[in-house]
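Let's take a walk through this one, starting with the holes inside it and then moving on to a couple of helices.

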Amino acid sequence: MNLFKRWTGLRLREDWVWQKGCQRPTLGLRLPARPGWYLLTVRLHSDQLRCYGLINRHQGRILVSGKRRRRVVHIGKGFHNTSFEILGLNGDPLISELRLVPQPFWRVKKLLATKLLRLHPAYRKESLSQRSFSKQWRDYNHLLSHKNFPLVGYDEWIEQVEIPQLLEQAQQSKIVSQLVSQQAATEPASINFAIWLWGQRDNEQRCQSSIDSMDNQIPGTFHILPQDQQLQEEDQQTWIVFLQAGDQLARQALTRFSSVIQDHADAEILYADEDRISVIGRRHSPQFKPAWNPDLLYTDPHYSHCWLIRSDLCIRACQALNANGDMPELYSIALEATALCRGNQILHLPEILYHRLDQPGEQRSSTQTAHSLQRFLARHGHDLQVTYHQTGGHLIHWPLPDPPPLVSVIIATRDRGDLLRCCLTSLAEHAQGNPPTELILIDNGSIEPETLNYLAHLEQQQNVRVLRRPGKFNYAALNNEAIALARGELVALINNDVEATHPGWLAAMAAQALRPEIGAVGAKLLFPDGTIQHAGVLLGIGGIAGHAHKYLAADDEGYQLRLHLAHNLSAVTAATLVVRKSLFEEVGGFDQVNFAVNYNDVDFCLRLIQAGYRNLFCPDAVLIHHESKSRGAPTAADAYAEWQRERQAMLNRWGAVLQADPNYSPHLSLLEENLSLSIKTPITTARTPSLPHS
């Protein structure tokens, strides 16, 4: 390679060639690149806004249509065939720029430092020099990874978030104590805690470890219940703290719990975030939790190990279990207690206040936990089957009534008859096990002869209606009108670029949507290459909202097994959404004035929460979504202006809610969709939210 070529780098037209027979669009270098450091520059144009690029299968970067994206790349001696692979992309991309330019090591260090200081939560200027280059390179790759990785920067999170928070809390407590002493004010009623040690109480070493962790707590405010202690002896001012033998409470735990209880007199249950602690005392693997999330508790028996329950409520829960012949255990008590109080009386404290002892080989669910949940649901009027995933968590088999209700499947379309045909063919091929349906197609001004002929053919079929609605595209208005005409008890909104992959998907979503407390139900949607496109909507990502776990493999577990578990989310996409027609009408349907094209589904879901319903992600419904294949990304000037107007309307209506999603931890990133760690968000106590009026 001559000096001029080496300086300008390996360019698209001269050096790269499309590789045939690959599952995903892939470019390969004609000749091997020399080992060393490079700067990869990519500019890609496609119908969809984002996809993901991988060089040599492990060094990646999110790509945004029309924008130049760069990343540092290292090519080792063993890579003779350098490849650039594109994940999560529908159709053929147009790549206008692809360069691999050699870099001197001093510039590599500078580029890494700049990126880490700007985006990585653990990096500060004053500490950069203390980190080895190998650690910086590892963190840089973790930062740009599309995968759900163990949270990077947790040691720094402890140092830069938890410790300063502890110092601030200690200072505040000191000031309050001084004021109380000076003013001789009446102190609030003291909070008493009873520690309930559970699990392996015959293991003296583990029990003693847990008891020793109480030495740092407030003196005189707690006692440890003897094994045969009767809870009836406790009064209402006593809170039961559950502590598994071998686990430890954080040294500030009871102080924080006491403060929160005094500030929330109506609270009945508290739970906090937790992490794991090794036998040598190293903390790792934090579990940052959402605010109260009932369906996640049903599907994940490890929802929390850090529970505090007011003694009178705990007594009632234990009595209910005993009356039905069930032994009180942590999971069954948590299920019963949370069912005996209101959702806004269950508080989540987003601080790490509980340290779980490492238990290699521990299962996240079992036949015992599934049985406990099934018995609980039966006591509360739901006679159904509960099984457990081999990877962890519960699968609840919510049944459809007999006979099942009619579902109105509504699809808005314009031209692209090939997409519509693929969609409808897949629905027909995978109709087994699904409830009966009627099909309502909304033709928004198709002009292609093939599409018009196909629509005319469909119109002749039974249970198919075609609404001819030409004019400017207004997704909200089109669907509002179609739903008003629907005959089904349930409506299923489906994009014309969605493809069903297995039978029973609609039955799973319909059964969830028929539950009286459930609002909108969303599906797991995949890109054609098998990576996640949608697994629920997270508020605040990019300022408004983003899709959880985007670009992960379809069979990945996700953060805390969330890709496998049904759970509540603030919103789901309308690309595949099932909801009761009566409920859609109750909250006023889509806002066709302010959100004609964008964010109408998020706004609708937030109004469902406002009305007291829970939205739900249904992982058992898996479909392929050729995202924005029929419309494309908002790149035209008028479409971009409309997107900006609707974006501002979302901020005006839901601004505060968008920055504090109750179903997403304040400690996780608002920059990326991979649920990575954020250090910049302040800690606040979160309870089930009261959303502002729209």
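## The largest cavity

Sixteen residues line the largest cavity, and those nearest its centre are Leu-538, Arg-562, Asn-663, Tyr-664 and Leu-675. A cavity here is a set of points, on a 1 Å grid over the protein atoms alone, where a 1.4 Å probe fits but cannot get out, and a lining residue has an atom within 4 Å of a point. The volume comes to about 100 Å³, taking volume as the space filled by probe spheres set on the points, with points joined across faces, edges and corners.

Sorted by class, that lining has ten nonpolar, four polar and two charged residues. For the classes, Ala, Val, Leu, Ile, Met, Phe, Trp, Tyr, Cys and Pro are nonpolar, Asp, Glu, Lys and Arg are charged, and the others, Gly among them, are polar.

A word on the source: this is a predicted model, where local features need pLDDT of at least 70, side-chain atom pairs count only at pLDDT 80 or more, and totals for chains, interfaces and linings use all residues. Residues are numbered from 1 along each chain as its sequence is written, and side-chain values use heavy atoms, with hydrogens and water left out.

## The second largest cavity

Two or more lining residues each come from α9 (294-299), β18 (394-397) and β30 (614-625); helices (H or I, at least four residues) and strands (E, at least two) are DSSP runs numbered from the N terminus. The class count is seven nonpolar, five polar and three charged. In total, the structure holds six cavities of 30 Å³ or more.

## A kinked helix

Now for α19 (residues 637-658): it has 22 residues, yet its end C-alpha atoms are only 26 Å apart, short of the 32 Å that a straight helix would reach (1.5 Å times one less than the number of residues). There's a kink of about 60° centred on Asn-652, the bend being the angle between axes fitted to the seven residues ending there and the seven starting there.

Buried residues of α19 include Glu-642, Glu-646 and Trp-654, where buried means under 20% relative accessible area with a 1.4 Å probe, protein chains only. The buried residues of α19 pack against β26 (537-539) and α18 (600-610), with contact meaning heavy atoms within 4.5 Å.

## The whole protein

Overall there are 19 helices and 31 strands, and 57% of the 694 residues count as buried.

Conventions: On a 1 Å grid over the protein atoms alone, a cavity is a set of points where a 1.4 Å probe fits but cannot get out, and a pocket is an open set with protein on both sides within 12 Å along at least five of seven lines; lining residues have an atom within 4 Å of a point. Buried means under 20% relative accessible area, exposed over 50%, partly exposed in between (1.4 Å probe, protein chains only).
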